[in-house]
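Trainee: Could we go through this model together? I would like to begin with the sheet.
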Amino acid sequence: MAGLQPGNIIIPDQGTPAQIPESQCRCRLQPGQHHGTGGGEKLLHQRGSAWVKELVEYIAGNIAWAREFVKANFPKATFVEPEGTYLVWIDFSGYGLSDDELEHLMVDEAKLWLDSGKIFGPATAQFERFNMACPRSTVEKAFRQLKAAMEKKGL
């Protein structure tokens, strides 16, 4: 439901609310939207835990598919197991590319617009973040585009 941008924040400290817009901006978050709240309520109240269970299983399947694809096709990359989220990090530092070369490979060659780890600091500059909360066909297409781009560059 990330695209609907619903959210709840419980803030016990009176000084904290003023810090939220700045924090959201740094993390590239947009303020919640009215239709997001309504969409979230409808999904949870009408389908409840059954919907959440189906969603979690589907995303877990996408993560398993991506894990195996990375293992089979990107031997110098490290798949980082997600911890409670639908976002998967892959460390491409084993390929010896500069940060700019990696970004060029992802954006210009593979035609993928991912979150580069460099926006989170130098320690993660060689990581790319993939969203697994989408149709399997989208996940497969993205990884196949990346594989083709890497093969074209001899990686």
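Mentor: Two strands pair if DSSP finds at least two bridges between them. Strands (E, at least two residues) and helices (H or I, at least four) are DSSP runs, numbered from the N terminus. This is a predicted model: local features need pLDDT of at least 70, side-chain atom pairs count only at pLDDT 80 or more, and totals for chains, interfaces and linings use all residues. Residues are numbered from 1 along each chain as its sequence is written, and side-chain values use heavy atoms, without hydrogens and water.

Trainee: In what order do the four strands form the open sheet?
Mentor: The order is β1-β2-β4-β3, with antiparallel pairing. β1 (78–80) and β3 (115–116) stand at the edges with a single partner strand each, so one side of each has no neighbour in the sheet.

Trainee: How many bridges join β2 to β4?
Mentor: Five bridges join β2 to β4 (residues 127–131). F127 in β4 is the bridge partner of D91.

Trainee: Changing topic, at what angle do α4 and α5 pack?
Mentor: The angle is about 120°, and the axes are 10 Å apart. Axes are lines fitted to C-alpha atoms, for helices over the stretch in contact, and angles run from 0 to 180 degrees between N-to-C directions.

Trainee: Which residues meet there?
Mentor: L105, M106 and E109 in α4 meet L146, A149, M150 and K152 in α5, where contact means heavy atoms within 4.5 Å.

Trainee: And what does M132 touch?
Mentor: Leaving out residues up to four places away in sequence, M132 touches I59, N62, I63, A66, Y86, V88, V139 and F143.
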